[in-house]
Structure formats: structure tokens, C-alpha cells
Amino acid sequence: MCRVVDLQQAVLAKNDATAHLLRTHLHTRGTTVVNLLSSPGSGKTALLEGELLRARERSVAVAALSADLATENDATRLARSGVPVKQVLTDGLCHLEAAMLAGHLDGWLPDDTRLLFVENVGNLVCPASYDLGETLRVVLASVTEGEDKPLKYPTAFGLAHLVMVTKTDIAEAVEFDERAFRANVERVNPGVEVVLTSARRGRGTGALLDRALAAAEGAPLHTPVMARRADAGHTHAHSGAAESGHTHAHTGAEGAGHAHVHTDAADAVAPAAPRS
Amino acid sequence: MHEMSVALAVIDQVETAAAQTPDVTAVRSVRLRVGELAGVVPDSLAFCFELACAGTLLEGAELVTEPVPGRARCTPCAHEWAVGMPPSLTCPECQGADVELISGRELRIADVRWEDGDPTLAATPVPIAEEC
């Protein structure tokens, strides 16, 4: 007999639940995660190098995890700051997922870490959909990328708590139109802060560290419109889903007998980790 | 291109649901609701889905993606609008930023059509929307 069965499950519910668990776990041990997203070559590593050095000067216990498809080049650069650094090679996968991050932190992340910076795979499409358990999501764009970048990648920019413009030392040479860029950011994420930086000139160095420390201390964060959801179809940045997410992270993974009848999307069960 | 990850997650969820229902022999179709701001390309997802279904209970199943337009509502002035692509998330009426997204980020399995051999299934707690 052929039947239509109403499932009503959020496809990324498993990742969201894992991310929530990770955020709670890290918060309990005093660690706050900052997730850095940008296109390849936007300057995530250069920006981070400056922030890690500044953190060391200020005796803030930080660590960094850098994800790339291949090479340990970024970790080598970041390790020069002297803080704990880990390189994750995704073997071609275009994004990190919460379960992957949790696996890499296990047994590596020093106990006293106050801030963990995660340099996501250089990509503005896929990483945008995956909550990693971060408290602060930062999206970077360099002045060479065009003022319409936020419009081309609205989900990435639309979910950012903070937008950073990099390489402003060459802004004039490439005729970067700051006003147009800011207007485009405002269109997809009204009210989000935009910080101008230049790793080469030291402009804005420490701004990310300041924002991350404020977030770690519980300062109110910008809430992007895209994260203010009337429906609960996807629990990213949806603190209301907290308790149910916790419960289902276990029951769902074990395939317990209640995969049906989830009218509340935030409670949706998503078994087994997605991989590609 | 995370559509393969998404396809595998869909297959996994459908297989788990099927495993909890007696005698599901094949899955004919899966209907997904995909918001225009979900960051998923339906064609790419369909391609990945077909590949990833091979050798599973879902082999040969059709993936039906139902697009969901993005809509937002201004909290102070209650104006509602289609956000478009790229989206405009500032209220076009009052220019306010206290805005809520009503729809557009969905990435959900709505329902599944499958073959099962148990005519008493309707008596179980599994919700059945309709027979086909």
C-alpha cells in the first residue's frame, strides 16, 4: 500500500541540537566560540594573527582552530602567535559541522580557554547553514570583493553578529565604496555593526577581541532579522529551542521510537550526522 | 556545495522513520520545503539526492522541493512584505529594523510517500496524512 506520511522534520535539526549541546558544554567550562566566515582570501588568517597576538599581550587565554580543504599553512601562521592552534583538514568538505568541531576539540582544547576562534572553510555559502555552537558569528569581506558581496551571499551576511571589512589599506586603490557596502549590509542585516580593519596597517586590531570578550561576558548581542524567526523551522540562533534540543540530541541520534508527530519544528528529530 | 550533506541528512531521517514503521518496502517520494533564504540550490540537491539514494530504501525516490518565499513582518507597524532576493529586511513602510522573518529559511521534510504492507498501520500512532 502506498501511503503519504507526514514527517515534518527540520533537515539540519541534528546539527542544531549538537551545536546547542556544544555551546552549553563550552559555556559551562568558560569557553566562548567565535565563528569566522568569509570567501577564500578575504584575510581571515591575517586578521586572526593580529587578534591572537593582542590576546596574548592582554593575557587572555585564547585558542584557534582553522579549517581548510588542504594544507596546514594557516595553522602554521597562526601558531606564530604562541597560542594553541589546531588545523583541521576537511578533505574536500566545504564547511564545518558541529559534530566535527566537537570531535576536534575533544582532548585538544586547553581547559582554561576563554575564547576559541574557529576559522571556517573559506566559503560564504555552505558554512552559513551550520551552527557550530558559536556565540559570535563574524563575517568578513575584503575591499577587493565588491560592495555587493552582502547581496550575493545574503544568508552569510544576514546571520552575522558582526561584519568586518578587511584590507582597507588598499580601499582607495580598488575604489571601495564604503557607503554602498554598508547600505548592502544594512539591507540584509539591519543594525549589525560593521568594523573596518587593515591587518597590514593595524587598523581595527583588537576590535574582534573586544567584541568576543564582551560576548563572553554576556553583553547583549545583535540579533539579525534572519535569526528572528516567526516559524521555528530551523533552530539556528534560536535560544528558545534550548531544552528540547538538548533532549533530542540524544534520543534522535539513537533513533528512539518517536520520529513521527513533530508539529513543533524546533523539536524535530534528525538522526545520524550528515556527511559528504 | 553542502547539498550532499543535506541529501544524506534527508535520507537518514527518512530511513529512521521507515525503520519504525512495519514493512516499509520502498520510498517513492520525499517532499521538502525549501525557503528562498535557506542557501540550498534545489537542482543541486536533486542531483545529490539521486546519487545518495542508490543502494538505500530510497533508491529511485523522487525529491519534490517546494519553494517557500521569504516574508517578513515589522513588529512596530505590523507591515508584511515579500523580502525578495536579495532580501530587503528593513521595513519598507517605516524603515524600522525591528523586523521578524515569517518564512524563507525553511529546510524541512514535509512528508514522504512510501510502500508498506501493513493495512493496520492506520491504527498506529503514525500520522497518515492521506492514502494515495
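1. Is Val34(A) buried or exposed? Val34(A) is buried, because 27 other C-beta atoms lie within 10 Å and the cut-off for a buried residue is 20 or more. Bear in mind that this is a predicted model. The residue belongs to strand β2 of chain A, residues 32-37.

2. What surrounds Val34(A)? Set aside the neighbours within four places in sequence. Val34(A) is then in contact with Leu115(A), Phe117(A), Val118(A), Glu134(A), Leu136(A), Val138(A) and Ala212(A). Take Glu134(A) from that list. Val34(A) and Glu134(A) are 100 residues apart in sequence, yet their C-alpha atoms are 5.5 Å apart in space.

3. Chain A as a whole. The chain holds nine helices and eight strands. Of its 276 residues, 55% are buried. Consider the contacts in chain A between residues at least 6 apart in sequence: 77% of them join residues at least 24 apart.

4. Helix α4 of chain A, residues 98-105. Its buried residues are Ala98(A), Ala99(A), Met100(A), Leu101(A) and Leu105(A). The buried residues of α4(A) pack against α1 (13-28) and β5 (115-119) of chain A. After α4(A) comes Gly107(A), with a positive phi near 80 degrees.

5. Chain B as a whole. This chain has two helices and seven strands. Read from the N terminus, the order is α-β-α-β-β-β-β-β-β. Buried residues account for 44% of the 132 residues of chain B. For contacts in chain B between residues at least 6 apart in sequence, 72% join residues at least 24 apart.

6. Where the chains pair. Look at strand β6 of chain B, residues 107-116. Seven of its 10 residues are buried, so β6(B) is largely enclosed by the rest of the structure. Strand β1 of chain A (residues 2-10) pairs with β6(B) in the antiparallel sense, over seven bridges. In that pairing, Val5(A) stands opposite Val112(B).

7. The partner of β6(B) from within chain B. Strand β1 of chain B (residues 24-35) also pairs with β6(B), antiparallel, over nine bridges. Here Arg33(B) stands opposite Arg108(B) of β6(B). I would show both pairings of β6(B) in one view.

8. Helix α2 of chain B, residues 42-53. Gly55(B) follows α2(B) and has a positive phi, near 80 degrees.

9. Which residues of α2(B) are buried? They are Leu45(B), Cys48(B), Phe49(B), Ala52(B) and Cys53(B). These residues lie on the same side of α2(B), because they cover an arc of only 125 degrees around the axis. Asp43(B) and Leu51(B), on the other side of α2(B), are exposed. The cover over the buried residues of α2(B) includes α1 (3-19) and β2 (62-68) of chain B.

10. Domains of chain B. The domain assignment gives domain 1 as 3-69 + 104-123 and domain 2 as 70-103. How far apart do the C-alpha centres of domain 1 and domain 2 of chain B lie? They are 31 Å apart. Across the boundary, eight residues of domain 1 of chain B are in contact with eight residues of domain 2 of chain B.

11. The open sheet of chain B. In what order do its three strands come? The order is β4-β3-β5 (chain B), with antiparallel pairing. The edge strands are β4 (80-82) and β5 (99-103) of chain B, and each pairs on one side only. From one strand to the next, the twist averages 30 degrees.

12. One pairing in that sheet. Strand β3 of chain B, residues 71-74, is joined to β5(B) by four bridges, and the two run antiparallel. Cys74(B) stands opposite Val99(B) of β5(B).

Conventions
Residues numbered from 1 in each chain as written. Chains lettered and ligands numbered in written order. Predicted model: local features only at pLDDT ≥ 70, side-chain atom pairs only at ≥ 80, totals over all residues. Pairing = 2+ DSSP bridges. Axes fitted to C-alpha atoms, helices over the stretch in contact; angles between N-to-C directions. Buried ≥ 20, exposed ≤ 12 C-beta atoms within 10 Å, placed from the backbone. Arc of directions from axis to C-beta. Contact = placed C-beta atoms within 7 Å. Domains from an automatic or database assignment.
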